[in-house]
Each structure stands twice: as structure tokens, then as C-alpha cells.
Amino acid sequence: MVDTYFSEEHRLFRESLRDFLQKEVVPHVDDWEKTGVIDRSIWNKFGEMGYLGLKYPEAYGGLELDFFYTVILLEELQRINSGGFAAAIWAHIYLAMSHLNTEGDERIKNEYLAPSIMGDKIGCLCITEPFGGSDVAGMRTTAVKMDDHYVVNGSKTFITNGFYSDYLVVSAKTQPELGNKGISIFLIERDTPGVTATKLDKLGWRASDTAEIAFDNVKIPFENLMGEKNKGFSYLMQHLDLERLVMGINAHARAEFALEYTLEYMKERTAFGKSLDTFQALRHTMVELTSEMEMCKNYNYMVANQLNQGIYSVKEATVSKLMSTKMADKVIDGCLQMLGGYGYMEEYPLARMLRDSRLGRIGGGTSEILKEILAKIMVDKKSFAPVPQN
């Protein structure tokens, strides 16, 4: 199945990327996990290697490669065992930059997308609000049109890259009385007067900065409206299949890494004169966990292939995130158990991995919300169509 999707060029790219991460990222991960601050220079190194622009147009410095290069990037980022660092990278590339590329005009693409691809500018996507959670349509942030600008008021929370990013892609209601049909998307510079951010203290993903952001009479020019006014909800929904698949791929990749590490540990660790991998109960548990990971992995590759072909895969991507994140938590918990007391120690990788994995069933839409979306598709037979692109 894997050979169906990955060529020799993909394999060489994976090897090069893995070497890069081992050299440039892994030596610094523990410090970033402790400080919650990622060295700014690493973004430029990623940009120089082309890793931030794999799927973006060559006109803005991207490489326009097929989606399986993105799959490889996501998988290898999970192997460095810092969900926070991985999240900072993919939230920039596949959340903030996706909107720049799809809804941004030529000015925005040249002034923001191109520098983002090079790592000179870092972005974040601001959707979730303190009182709304996964209820996007219930957002309270507003953007009121004045003579020559919009005035934004409100707040966002749980925003990855929300503290250190250079710009924010923000959803706000331009006509609150229209509900989800009155939402628009804006680009706001970090240093715009009235924008403040408070860094949040998290259970996991500790290398990344996650923030609550407040907008107090923030004035932004008309030209920073992205796409059409009041089409924001459709734009957000358009990108959710990508975000959900990204999180599904992340899940199977971290589960696979946990299994690889644990199996090596079990070969070396002995009990009652035998290595752990010779005990039937433990062997069979690892077989079950590995089988569940493989099922999710191959399903995710199938969905990735659909996206690669331009197929709008709302149902499949939603299933990917729902089932893969559930599987990853189960697998990593099971792997930690195999290490016994050592699994609970910070010096071993499973403790951090367990914390980081738990966010999978919450971020990007909780599992409960995803089940209701799938119920509308599977039970109510509702269909979702892609938003026409300009």
C-alpha cells in the first residue's frame, strides 16, 4: 500500500528531512519544551530548505509538490517527539498560510504568503473563542465597517502561534444578525494598536506558544478583508478537511513512533530472565495496537490521495481525525504501560508523548463535534460541496 503512494523521490526527501530534523531541531527540543519559546532562526532554516512551501505556488517561492510530500513532513515532525514544535510548524503552513493562498489577493500573497514560505513571517489562525469553543457560528468577535476601515472587537483563545506570530488571520462577524452567514476573514498585523495576547500554560504541546488574543477597537484597512465579505464561514469550512487530515496523519505518525520505540525497549528489557517481547500477553497486545495503527495509517493515505486529486473529502477527513486521534491515545497509553515505572518518567519519551497526544481529540474540533458532523452525513444524508474558488 505504501509503495502505491510514495516514489523514490519521496523516499529521498524523507531521508533528507529526517537528517535535517536530527541536526537542526532535535538538539534544541528539550530547551524549547522547557522555555516555551522556539528559536526564530529555525523558521528561516525551514524556509531555506523549502519545507514551508511544499504545496504552495512557485510564484511566491513554493515548490508545488504533490500532497504526499506534506504527508512525509507531518510524519517526520512527529518523530522528534515534540507535539508543540510540530504544531507550531503545521499551524503556520496549513492553517494561516492556507487562507493567505486561497482568499488573499496579490498584495497579500506577495507581502505575507511569500515571506511566510521563507520563514520571515509567522502566522496564526484565530477562530476559537472563550465562550464558543468548537461552535464557530457562535463567535462574538465583530468587525464593524467605518468610513475607511474596519474596527474589530472581541477575543480568541487556544490559538497556536498566537503569542509570537507576526500576523493573524482572524474570523469576525461583519453582520452578526446573519449568524454564520455574516462571518468574514481578515488579516491583522501583530503590532496593530489594540491587539494584545496572553500566553497560556498547557498540559502538553509545551514548545509551542498558545495564546488568548484580545481585540480592542482594532482598526484595519478595507484591503485586509480576505475574499468576499460574509463568506468567511464557507472559507473556514473549505479548509477543515485539510486540517482534520493533518491531525489524523499526525496521530498515526506519533502512534507509529511510539510503537517503534516501545518494541526496541521490550527487546532490551528483561523480566524473570526473558526479554519483554517474548511474553505472549505483551506480544499480543503490541500486535493489536500495531494493527489499529496500520488501519488508520492506510486509511489516512487513501484520504491524502483524494486530496492530492482535488477531491473534497469532508466525511473521510473527519473520520481520519476522529478515529486516528482515538487510536493514538490508546496506542501511546499502551506503550507507556510496557515501560512500567520508566514510562512515567520525564527522561523517557512516552510521558511527553502521552501529554501531547491528548490534544488530538480536542483541537481542530472535538471528537464530539466530529461525531455530530458525521451523523449529519451518515444518518441525515447531508452533503457538503466545496466553495467555488475565484
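Mentor: A polar contact is a pair of N or O atoms within 3.5 Å. The model discussed here is predicted.

Trainee: Which residue has its backbone oxygen 3.0 Å from a polar atom of the side chain of Asn161?

Mentor: Asn161 sits in the loop between strand 3 (149-160) and strand 4 (167-173). Beyond its neighbours within four places in sequence, Asn161 touches several residues, including Trp43, His92 and Asp209. The backbone oxygen that lies 3.0 Å from a polar atom of its side chain belongs to Ala88.

Trainee: Is Asn161 buried or exposed?

Mentor: A residue counts as buried under 20% relative accessible area. The relative accessible area of Asn161 is 2%, so Asn161 is buried.

Trainee: What is the angle between the planes of Tyr112 and Tyr167?

Mentor: A search of the whole structure finds 18 aromatic pairs. One of them joins Tyr112 and Tyr167, edge-to-face and 5.6 Å centre to centre. This pair links distant parts of the chain, with Tyr112 in helix 7 (residues 106-118) and Tyr167 in strand 4, 55 residues apart. The angle between their planes is 75°.

Trainee: Why do Phe163 and Tyr164 form an edge-to-face pair?

Mentor: Planes over 60 degrees apart count as edge-to-face. The ring centres of Phe163 and Tyr164 are 4.9 Å apart; the pair is edge-to-face because the planes stand at 85°.

Trainee: How many residues apart in sequence are the parts that Asp30 and Arg352 tie together?

Mentor: The side chains of Asp30 and Arg352 meet in a salt bridge, with 2.8 Å from N to O. Asp30 belongs to helix 3 (residues 26-35) and Arg352 to helix 11, so the parts tied together are apart in sequence by 322 residues.

Trainee: Which residue forms a salt bridge with Glu260?

Mentor: Glu260 is partly exposed, at 35% relative accessible area. In its salt bridge, the closest N and O atoms are 2.8 Å apart, and the partner is Arg79.

Trainee: Which residues make the nonpolar surface patch of about 350 Å²?

Mentor: One member, Tyr344, is in the loop between helix 10 (314-338) and helix 11 (349-357). Tyr344 counts as exposed because its relative accessibility is 66%. The nonpolar patch of about 350 Å² is made by Tyr342, Tyr344 and Met345.

Methods: Residues numbered from 1 in each chain as written. Predicted model: local features only at pLDDT ≥ 70, side-chain atom pairs only at ≥ 80, totals over all residues. Heavy atoms only, no water. Helix = DSSP H or I, 4+ residues; strand = E, 2+ residues; numbered from the N terminus. Buried < 20%, exposed > 50% of the residue type's maximum accessible area, 1.4 Å probe, protein only. Polar contact = N/O pair within 3.5 Å; in protein donor to acceptor, adjacent residues only side chain to side chain. Contact = heavy atoms within 4.5 Å. Patch = residues over 30% accessible without salt bridge, like charges linked within 9 Å, V, L, I, M, F, W, Y side chains within 5 Å. Areas by Shrake-Rupley, 256 points an atom, 1.4 Å probe, with all protein chains shown as cover. Salt bridge = Lys/Arg side-chain N within 4 Å of Asp/Glu carboxyl O. Phe/Tyr/Trp six-rings, centres within 6.5 Å; stacked < 30°, edge-to-face > 60°.
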